[in-house]
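Let's take a walk through this protein together, moving from single side chains to whole helices and back again.

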Amino acid sequence: MSIAKAFLSHSSKDKEFVTAVANELGRQHCIVDKQVFETGTEFKQSIQDGLDSSSVFVLFASKNSLLSDWVNFEVEEAWYKKLERNLQKSLVSIITDSIDIEQLPIWLKRAKIQRGNVAKSVAREIRTHLDQLREERKNPFVGRTGDIQTLQEALTPADVEFPPHVFFVTGLPGIGRRSLIQQVVEDSLGLKPLKSPFRLGEGFSIQDICSSVANLNEPYTTDLRFQQIMREIQALSKEEALDRTLVNLRRMTNNGELPIFLDEGGLFDSDGNLSEPIQSIIQKLSLNDEAYIAFVSNRRPLNGNQSIVRIRLNPLKTEDQKLLIRTLDRKYLRVSSTRQKSLKSNEISELAAYTAGYPPSAYAAMEQVEEYGIDIVLADKNRFVELRIDQFLKHFSKEKLSESEKDILRLLASYSPLPLRVITLTVLQDIIITSNNLARLIDLSFVVVEDGLYRVSDPIEDAAIKAFGLTGFEVIKILVKSIIDLIDDPNYEEQRLDLHRILYRASWYLKDKKIQRKVIFLFTDLIKTIKSLYDHERNYPKVIEATEVALNNCKNKSDYETVISYRAKAFIHQEKWQEAEQEIQKFKEYAPLRNFYYLEGFLNRKQRKNQDAIDFYLESRRYGRDDEALNRELGHCYFFVGNYEKANECVQKVLQRQQDKKRVNFYALDLQAQIAIALGDVNLAKRSIEQLQYIDESAHYYRKSRFEFLLGDKYVAEQDAEKAKSSDNNPRFQTLAHLALCKIVNGKVDEAESILNEIERNQQFGAINSDIRKGLRTRLAIARSRYEDAFYLITEIRDKSSKSYKGIRRDVLQGYLNTCVIPDSERTKLDAELTILKAELTSINEAELATEIDSYFDID
């Protein structure tokens with residue numbers, strides 16, 4: 001599907017105005033002769049080619065254009081393209097008062113006609129029609145007649161003096177919440193939904209909301225004025241910021257726009273109530289207020305203000321899901337399918353059954369049908385075990401993205417939204433190449449456009465980071481310079497707040513305190529930085545540094561709870577046990593007891609005090625926490641104390657809940673695989689490991705390698721360990737540790753030492769997991785027959801109760817006693833120790849003596 005473009009037909013004498021319109025639209029959205037047409041004899045063919053690649057024909061009507069031979073040629077060619085249905089829409093923009101409608105070509109008299117001499121206004125009208133075409137090309141919105149009627153009746157109730165002005169549309173991402181709003185409010189309220197919703201990030205204060213709303217409503221042309229507005233707002237009291245927010249929201253409604261707030265973690269507090277700033281906005285609205293406000297969220301607000309409309313968008317009913325799949329089937333056959341026949345009724349029914357009324361799942365299923373055929377899709381439903389990937393992601397590999405397209409996605413996955421100019425400079429591409437790449441990524445729904453800025457589509461953000469990695473340090477430096485140059489440009493009048501916020505997040509990676517002090521940021525930017533550092537980079541020292549700054553910016557208990565939680569977990573990962581315990585005690589002041597005990601359990605598990613961790617997790621459950629994370633953690637601890645029955649109960653509880661939600665988490669599957677291996681259930685182990693490949697490729701190969709290792713096939717284990725490392729741009733500690741172990745047992749000692757050196761150089765690992773490091777170094781010394789070195793290395797291991805330590809100690813003693821000169825008294829003592837160790841380890845599989853590596857497979 002090509003991007004919808006407008007062909008701008010005009011006289012060269014009107015070029016200045018039309019160029020301004022084209023600049024507002026953006027290069028990728030229009031064909032204008034100044035930009036793309038050749039000269040001389042090829043000019044006519046260029047016009048025809050331009051019309052062939054356009055969906056909308058726009059005539060800029062003036063005396064000059066109506067007398068122009070070339071414009072008349074374009075109008076005539078456009079008429080033929082219209083007859084051939086290659087052009088879907090035609091518009092006329094009359095730009096001089098002297099032109100009357102009767103002077104227009106006959107077929108264009110029936111077109112949409114507007115008068116105007118303001119480039120931005122004309123561009124908005126053209127963009128509206130392009131957007132409509134784009135919406136028409138999107139997946140159909142079917143099976144929602146009842147939801148549409150419910151929302152219409154709720155917004156315009158009969159015999160009610162004051163109709164509601166605030167409404168919530170809730171449901172799963174991708175289920176059609178914003179599409180429902182768009183279907184209803186224009187007809188019911190005469191308002192157009194805001195194309196770029198206000199995103200409510202975690203920790204948003206009323207000042208932050210005021211800044212976001214002011215950014216779209218209050219005039220400024222220079223960065224100096226922009227910063228002045230932002231700093232002025234941040235200095236306001238809560239009441240002053242609230243009043244200013246409402247003034248701007250009313251202004252938007254009066255201008256025919258419906259403000260939409262999209263929940264990204266800031267709409268509710270930890271107990272599920274509306275956050276304080278949102279409550280204050282709603283309570284301040286009068287019964288007959290001018291402002292209308294829509295909220296979009298996964299969660300439904302708790303019962304409260306009866307004047308608030310709540311619409312829950314549920315999964316489609318089975319018959320409606322069948323209708324959606326049938327509609328998609330007809331669409332594919334009509335537009336692009338290589339299939340010759342429609343799906344059969346029983347095939348549609350089976351697809352409807354396992355896509356479970358969830359539209360994005362139906363879209364993904366039909367894409368799979370197009371690629372693999374219906375038989376393969378119905379035979380292998382495990383392709384959809386990780387719904388968040390399959391439902392939204394149109395398979396990067398299938399689309400065969402170019403390296404330059406991957407560069408753009410990698411950049412936008414970490415830093416969105418960005419203007420075209422900044423993207424072009426940062427990825428070191430020509431502006432034409434960047435425009436074409438963005439156009440294709442928009443067509444694929446990987447990138448969306450909001451107010452002239454480009455943002456990665458939310459559902460694929462994590463997938464893009466997983467597939468293409470994080471933005472590199474040198475690229476971030478170029479990004480920062482490009483943004484600074486842009487906001488210093490006095491002619492730049494676009495969204496400065498977004499760019500300032502990106503600068504702030506980037507400054508953490510550059511360690512540039514000067515930028516941090518200079519730019520405007522919101523508290524949610526700190527939270528997003530902390531989460532990225534923790535979840536994606538696993539850079540725990542930086543998490544500790546960022547949370548220290550965040551603590552000075554917290555405004556309420558919820559903020560403190562979030563920040564201290566990340567801070568405590570970062571200390572735990574750094575094995576700074578005392579500091580972690582101090583943070584957990586602070587955490588108790590702000591968090592419910594169920595979360596306090598959970599964090600205590602996490603601390604003890606990481607210290608390998610599994611029984612203590614179990615006690616804390618059970619206490620967390622007693623205080624009301626029984627979610628997937630707790631059961632995963634609890635199952636993990638039961639597994640390592642050898643209580644496989646309890647471990648399996650926890651895992652099955654998690655898997656059942658995830659099955660109910662039509663998704664699977666790889667940590668639960670991984671633990672199921674470990675339990676199956678421990679119990680000798682080879683078939684279940686293989687099935688669980690096989691499922692992992694659809695969720696986390698690196699985790700799949702890691703667990704497969706561990707499985708082969710336990711079965712004794714060390715060379716296959718090494719190959720899979722290599723794949724686990726190569727399929728992760730930022731390999732985990734245990735991935736590298738296990739690969740080093742495989743190299744050692746296979747006699748590749750130099751390669752093993754190289755991997756161990758890689759672990760030592762990796763700053764994000766710090767000094768953690770010292771016992772495993774010492775154990776691997778000791779194994780390496782044994783493999784090189786350096787038993788004296790091994791004998792002294794093993795004394796540095798702290799936990800001398802583990803199977804791993806005992807196995808290594810046995811091997812050290814055997815070599816040490818056989819090759820080294822030892823006093824008789826010491827030899828007698830060591831011989832006795834060796835005899836005990838051999839007896840103790842007789843019934844244990846040799847491969848089981850390396851299981852401690854698994855206890856560092858981080859699940860939080």
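Which residue lies over the face of Phe709? That residue is Lys714, at 5.1 Å from the ring centre. There is another arrangement of this kind to look up: Lys569 sits over the face of Tyr566, and here the distance to the ring centre is 5.0 Å. Please bear in mind as you look that this is a predicted model.

Let's step back for the overall picture. The protein has 860 residues, and 55% of them are buried. Its secondary structure amounts to 43 helices and 14 strands. If you take the contacts between residues at least 6 apart in sequence, 68% of them join residues at least 24 apart. The accessible surface comes to about 38,500 Å², with 47% of it belonging to carbon and sulfur atoms.

Now for the aromatic rings. Across the whole structure, a search finds 18 aromatic pairs. One of them is formed by Tyr560 and Tyr590: the ring centres are 4.7 Å apart and the planes meet at 15°, so this pair is stacked. The two tyrosines link distant parts of the chain, since Tyr560 belongs to helix 28 and Tyr590 to helix 29 (residues 577-590), 30 residues apart. Tyr560 is partly exposed, at 24% relative accessible area, and Tyr590 is partly exposed with a value of 24%.

A further stacked pair is made by Tyr597 and Phe616, with 6.4 Å from centre to centre and 25° between the planes. Tyr597 lies in helix 30 (residues 593-606) and Phe616 in helix 31 (residues 610-622), so the pair ties together parts that are 19 residues apart in sequence. Elsewhere, you can find Phe168, Phe198, Phe261 and Phe295 forming one aromatic cluster.

Back to helix 28, which covers residues 557-573 and includes Lys557. With a relative accessible area of 51%, Lys557 is exposed. Leaving aside residues up to four places away in sequence, Lys557 touches Glu589 and Tyr590; Tyr590 is the stacking partner of Tyr560.

Follow the chain into the loop between helix 28 and helix 29, and you come to Glu575. Glu575 has a positive phi of about 60° although it is not a glycine. At 16% relative accessibility, Glu575 counts as buried. A backbone feature of another kind is the cis peptide bond joining Ser416 and Pro417, where omega is about 0°. Look for Pro417 in the loop between helix 19 (403-414) and helix 20 (420-426).

Next, have a look at helix 40. How far apart are its end C-alpha atoms? They are 20 Å apart, which agrees with the 20 Å that the 14 residues of this helix (residues 770-783) should span at 1.5 Å a residue. Helix 40 is mostly covered, as 11 of its 14 residues are buried. Among them are Ile772, Leu776, Leu780 and Ile782, along with Asp771, Arg773 and Arg779. And what covers these buried residues? The cover includes helix 38 (733-745), helix 39 (749-761), helix 41 (787-794) and helix 42 (803-819). Just after helix 40 comes Ser785, with a positive phi of about 60°. Ser785 is not a glycine, and its place is in the loop between helix 40 and helix 41.

Let's finish with the cysteines. How many disulfides does the structure hold? It holds 0. Take Cys650 as an example: the closest cysteine sulfur is in Cys637, at 9.3 Å from the sulfur of Cys650, which is too far for a bond. Cys650 counts as buried, at 5% relative accessibility. Cys30 is buried as well, with a relative accessible area of 2%.

Conventions:
Residues are numbered from 1 along each chain as its sequence is written. This is a predicted model: local features need pLDDT of at least 70, side-chain atom pairs count only at pLDDT 80 or more; totals for chains, interfaces and linings use all residues. Side-chain values use heavy atoms; hydrogens and water are left out. Helices (H or I, at least four residues) and strands (E, at least two) are DSSP runs, numbered from the N terminus. The expected span of a helix is 1.5 Å times one less than its number of residues. Buried means under 20% relative accessible area, exposed over 50%, partly exposed in between (1.4 Å probe, protein chains only). Contact means heavy atoms within 4.5 Å. A disulfide is a pair of cysteine sulfur atoms within 2.5 Å. Accessible areas come from the Shrake-Rupley method with a 1.4 Å probe; for residues, only the protein chains shown count as cover. Rings of Phe, Tyr and Trp (its six-membered ring) pair if their centres lie within 6.5 Å; planes under 30 degrees apart count as stacked, over 60 as edge-to-face and the rest as tilted. A charge sits over a ring if NZ of Lys or CZ of Arg is within 6 Å of the ring centre and within 35 degrees of the ring normal.
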